[in-house]
Amino acid sequence: MTPIRWLLSLLFIIQMYLAMAVIAVVFAPWALVSRHGARVACKTFCRWTIFSLRLLTGLKSEVRGTPPSGEALIAAKHQSFLDIILIFNAVPAGKFIMKRELMFTPFLGQYALRIGCVPVDRGKRGAAIARMKADVAAGAAEPGQLIIYPQGTRVAPGDKKPYKVGTGLLYEQLAQPCHPVATNVGVFWPKRGILRKPGLAVVEFLPPIAPGLPVPEFMAQLETQVEVRSNSLMAEAGFKA
């Protein structure tokens, strides 16, 4: 890669976080009085990021499949910040199961709580699952799409991480369709590092898994569908394990 690509990637990152701050401040009065205003602010940031990413680095993005518009559980592959942006921008009222530490991130943490995200302490597994289920139940009256990353962290292309049972317990509790989501974004926007590579980053909404399956069967289906399709998308992007 030429030095200019590194410089453009760095410029993109700097302006992305500046845009986050500016949008957060501009929309703050509306966001304080309206959850809808907070969502509009977040979507504005997502759309600016998608646009500036393509303009500065040549990385285009695409959402395939049919995102849910009603209440649903979304269980997605997580490779970088880009899949968060693309998934949230694709659904009308997304809210994430997120790491508790992110609550203290300037702007991002405050807006995440405002749109209904559920913070979870990952360090205490049993307590975290119980708290997560209680928090989700407490917010059940607020319609939307609950987004969870079953592996619990970003996973670089080619790496393996287990799928955690918390997703299955939420599926069982909510009794809603679960929409698996595959991606290849990590091929272009890595888990760590500055360089953003040109190409086509994809998130793909797969056919929903109907409610009512036993948790072990659900987890097996989810992992197979997401991993097989993510591997296919990564191969499409030129990644070789």
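## Basis of the description

The structure is a predicted model, in which local features need pLDDT of at least 70 and side-chain atom pairs count only at pLDDT 80 or more, whereas totals for chains, interfaces and linings use all residues. Residues are numbered from 1 along each chain as its sequence is written, and side-chain values use heavy atoms, with hydrogens and water left out.

## The sheet

Helices (H or I, at least four residues) and strands (E, at least two) are DSSP runs, numbered from the N terminus.

Ile-74 stands opposite Ile-147 in β5.

## How the helices pack

The axes of α1 and α2 are 9 Å apart, and these helices pack at an angle of about 165 degrees; axes are lines fitted to C-alpha atoms, for helices over the stretch in contact, and angles run from 0 to 180 degrees between N-to-C directions. That makes α1 roughly antiparallel to α2, since angles under 35 degrees count as roughly parallel, over 145 as roughly antiparallel, 65 to 115 as roughly perpendicular and the rest as oblique. The residues of the contact of α1 with α2 divide into 18 nonpolar, 8 polar and 2 charged (Ala, Val, Leu, Ile, Met, Phe, Trp, Tyr, Cys and Pro count as nonpolar, Asp, Glu, Lys and Arg as charged, and the others, Gly among them, as polar).

α2 and α3 pack at about 125 degrees with their axes 9 Å apart, and are therefore oblique to each other. The axes of α6 and helix α7 (residues 215-236) come within 9 Å and cross at roughly 120 degrees, so α6 and α7 are also oblique to each other.

## The largest pocket

A pocket is an open set of points on a 1 Å grid over the protein atoms alone, where a 1.4 Å probe fits, with protein on both sides within 12 Å along at least five of seven lines; lining residues have an atom within 4 Å of a point. About 1,300 Å³ of space lies in the largest pocket, a volume being the space filled by probe spheres set on the points, which are joined across faces, edges and corners.

The largest pocket is lined by 50 residues, of which His-78, Ile-84, Met-98, Lys-99 and Leu-102 lie nearest its centre. Among the elements that give two or more residues to this lining are α2 (35-57), α3 (81-90) and β3 (94-99), while the largest share, 5 residues, comes from α1. By class, the lining has 34 nonpolar, 8 polar and 8 charged residues.

Technical notes:
Pairing = 2+ DSSP bridges.
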